[in-house]
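Colleague: I would like to learn how to read helix packing and cores in a model. Can we go through one case?

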Amino acid sequence: MTTKEKLLELFESSKGVFLSGEEIAKNIGCSRTAVWKAVQNLRDDGYNIEAIPNKGYSLSTETDIVSAQGIAKYLGPLCDELEITVLPVVDSTNTYIRERAQNGELQDGYTVLANRQTGGKGRLGRSFFSPPDTGVYLSMLLRPKNYSAEQAMRITTIASVAACEAIESVSNNTASIKWVNDVYIGKKKVVGILTEASFGLEDGLLDHAVLGIGFNAYAPKEGFPDELKDIICAVFDEPEADGKNRLAAAFLNFFMKYYTAQDPDYYIKKYRQKSMVIGQPITVYKRGLPSAAKTAAGSAQDPAPSSESCGLPALALDIDDHGGLIVRYEDGTEETLSSGEISIRLR
């Protein structure tokens, strides 16, 4: 751990408390000159560090920058073994992990976050709006043993439930799930989830999965773009002390609780409770079916299905034990949908 990282860990554990240069140097094992340089480096990264003669340095309680040290202080015991990396900017956190997972560089549970994504990815080739300093953009590498393709669907299901509970634990909002992987507050999307998996050619079992999730923690200062402002929202209405670190940690805590649970019913029941589609009329879109009339324009986070898709009116009946959506079409036939190349819209 570098002097800068040690100093940030100390500041995060005593946020708002003034520490003398001598006290800091002794605590982290360096010279006072090294402390001064580390303070300047943290300020360059955007940290608001106050300095008062004869009192020392203090990290402002209003600071809200995602950091491994800021997240760690809110993590529970189930997250003790997670290795967490925070990057200032990356094209996509999913891509970052996927490229390294193939080489065997990363262990199960490795987690990366970025303060900004330049190429955030969504499901079915969509993009994810990822402006700097406003969101929590996180990906995890998962290597569960002997998972079939059907079992791999659990990862997205668990992440959806964990996202809802994380939002509700750090804010006054109630969250719900639009099958399969979008989380909403009211009628606006606040979270997108993308799980990418790699399977063995010989046994067909999961080699590894990369779970990516993006939270809109705050609205950008200039507001959401016109094409998105009516369909997406943020977890927090106003800046919160450590809001993004608390949100990231809450998600990891809830996710690991369900991911390590022995009984799948434990999270499937909660997934059903959080569903916003059960009992609702929907339209099912399947790629490759005959062309249908063009739908209204969507958004970069939740675009309308392409004109190459065919919309099939249906009623959402239930969620099965594997996270599939059971629907009944207008002709009375029923089908269980898995994620794959399928998307739905509420009618």
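Predicted model: local features only at pLDDT ≥ 70, side-chain atom pairs only at ≥ 80, totals over all residues.

Colleague: How is a pair of packed helices described?

Modeller: Two packed helices are described by the angle between their axes and the distance between the axes. Here the axes of helix 6 (residues 149-170) and helix 8 (residues 265-274) come within 9 Å and cross at roughly 60°. The crossing of helix 6 and helix 8 is left-handed.

Colleague: Which residues of helix 6 and helix 8 meet?

Modeller: On helix 6 they include Arg154, Ile158, Val161 and Glu165, and on helix 8 they include Tyr267, Ile268 and Lys274. The contact residues divide into six nonpolar, two polar and five charged.

Colleague: Which residues touch the most other members in the largest nonpolar core?

Modeller: That core has 67 residues, and Ile167, Phe251, Phe255 and Leu325 touch the most other members. Helix 6 gives the most to this core, with 11 residues. Another core, of 18 residues, lies apart from it, with Leu7, Leu8, Cys30 and Ile49 among them.

Colleague: What do the buried residues of helix 1 pack against?

Modeller: Leu7 and Leu8 are among the buried residues of helix 1, and so is Glu12. The buried residues of helix 1 pack against elements including helix 2, strand 1 (49-52) and helix 7 (243-259).

Colleague: Is Lys15 buried or exposed?

Modeller: Lys15 is buried, because its relative accessible area is 18% and the cut-off is under 20%. Lys15 is found in the loop between helix 1 (3-13) and helix 2 (21-28). Leaving aside neighbours within four places in sequence, its contacts include Leu59, Lys73 and Asp242.

Notes:
Residues numbered from 1 in each chain as written. Heavy atoms only, no water. Helix = DSSP H or I, 4+ residues; strand = E, 2+ residues; numbered from the N terminus. Buried < 20%, exposed > 50% of the residue type's maximum accessible area, 1.4 Å probe, protein only. Contact = heavy atoms within 4.5 Å. Axes fitted to C-alpha atoms, helices over the stretch in contact; angles between N-to-C directions. Left-handed = near helix turned anticlockwise from the far one by under 90°. Nonpolar A, V, L, I, M, F, W, Y, C, P; charged D, E, K, R; others polar. Core = buried A, V, L, I, M, F, W, Y, C linked by side-chain atoms within 4.5 Å.
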